[in-house]
Amino acid sequence: MPVDRKLLTERFYVYDIPAWSCPTCGRGHLALLDNTLPLMRPSASFRKLPLENYVEIEQDYGVFSLIAECSYKECKEAFAVSGRYYTEMGVDDRNFEVSLTVCDPVAITPPIQPIKFPPQCPDNVKDQFISAFAIMWQDANAALNRVRTALELLLDHFGVPRKGVSPDKKGGRKLVRLNLHRRIERLAQTKKYVADVIPALLAVKYLGNDGTHDTSANLDDLFDALDVSESLLARLFDPNHITTEQITSEILKSKGRRKRKNT
Ligand SMILES: [Zn+2]
């Protein structure tokens with residue numbers, strides 16, 4: 001499933017948190033805990049305004065935190081959500097003009113997971129992605145750096161060395177560190193069965209490099225890297241994964257229904 005970019009970028013009214021999927025059970029979604037109120041703290045500049053003065057609505061902004069819980073009754077995982085809020089004018093259910101508190105999340109603990117991982121995905125690779133999810137709203141570039149590290153660990157998993165032999169100036173040979181691009185090329189040479197994921201690995205590497213060296217990447221760039229990563233991890237570690245291109249090819253080949261093992 002591609003990253004739900006709308007769900008992950010929309011701001012929300014304080015009592016109406018988005019239905020972020022629970023990473024613990026994968027069945028429920030985050031919901032505001034019953035009988036608890038979000039904590040709101042206006043900015044220092046707003047608190048210093050004299051009460052008797054007329055206050056512009058735009059001046060009321062600050063920070064919030066709230067506790068959410070998974071909606072699935074067998075799970076009930078707890079989450080801390082925090083970030084910034086601001087106020088704006090809107091209308092309520094009866095069409096009366098009211099001031100509304102809009103929340104802009106910065107962190108969720110434990111982090112929600114925009115993509116899914118096949119069970120066979122190495123834990124250390126998955127952990128790097130989860131680190132990226134934890135900081136994605138704070139620093140998309142740092143999150144892309146975590147994704148880049150996940151690629152290095154993925155290549156470790158396939159036995160691609162981190163160092164290689166290279167000619168030195170005296171005509172001899174020396175051991176040098178292989179950069180990520182060279183390691184991906186090594187994977188293509190040594191593990192032919194993963195050849196179809198090489199373009200995807202290179203694409204994620206380019207985005208990881210942008211986040212690491214350029215720092216001009218944004219959330220959409222991170223979501224691009226996650227979409228490509230989810231697909232390539234499924235190809236590598238999910239034996240039942242099939243792409244729409246493969247399905248299309250099989251239908252065209254048989255000029256009708258695909259042949260399946262049990263049909
Ligand atoms: Zn849950």
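This is a predicted model: local features need pLDDT of at least 70, side-chain atom pairs count only at pLDDT 80 or more; totals for chains, interfaces and linings use all residues.
Once the neighbours within four places in sequence are left aside, Ile135 is in contact with Ala142 and Ala143. Ala107 is 28 residues away from Ile135 in sequence, and the C-alpha atoms of these two residues are 7.0 Å apart in space.

The protein is divided into domain 1, residues 5–109, and domain 2, residues 123–251. Taken over C-alpha atoms, the centres of domain 1 and domain 2 are separated by 35 Å.

Contact between the domains involves 5 residues of domain 1 and 4 residues of domain 2. On the side of domain 1 that touches domain 2, helix H1 (5–9) and strand S6 (97–109) each supply at least two residues, and the largest share, 3 residues, comes from S6. Sorted by class, that side of domain 1 has 3 nonpolar, 1 polar and 1 charged residues.

## The pairing of H5 and H6

Helix H5 (residues 180–190) packs with helix H6 (residues 198–214) at an angle of about 175°, and their axes are 10 Å apart. H5 is therefore roughly antiparallel to H6, since an angle over 145 degrees is counted in that way.

The residues that meet in this pairing are Leu180, His181, Ile184 and Ala188 from H5, and Ile198, Leu201, Leu202 and Lys205 from H6. By class, the contact of H5 with H6 is made up of 6 nonpolar, 1 polar and 1 charged residues.

H6 has 17 residues, and the distance from its first C-alpha to its last is 23 Å, which is close to the 24 Å expected at 1.5 Å a residue. After H6 comes Thr215, a residue whose phi is positive, near 60°.

The buried residues of H6 are Leu201, Val204, Lys205, Leu207, Gly208 and Gly211. Among the elements that cover these buried residues are helix H4 (140–157), H5 and helix H7 (219–237). Leu201 and Lys205, both listed as buried, are also among the H6 residues that meet H5.

How values were computed:
Residues are numbered from 1 along each chain as its sequence is written. Axes are lines fitted to C-alpha atoms, for helices over the stretch in contact, and angles run from 0 to 180 degrees between N-to-C directions. Helices (H or I, at least four residues) and strands (E, at least two) are DSSP runs, numbered from the N terminus. Angles under 35 degrees count as roughly parallel, over 145 as roughly antiparallel, 65 to 115 as roughly perpendicular and the rest as oblique. Two residues are in contact if their C-beta atoms, placed from the backbone, lie within 7 Å. Ala, Val, Leu, Ile, Met, Phe, Trp, Tyr, Cys and Pro count as nonpolar, Asp, Glu, Lys and Arg as charged, and the others, Gly among them, as polar. The expected span of a helix is 1.5 Å times one less than its number of residues. A residue is buried if 20 or more other C-beta atoms lie within 10 Å of its own, exposed if 12 or fewer, and partly exposed in between; C-beta atoms are placed from the backbone. Domain bounds come from an automatic or database domain assignment.
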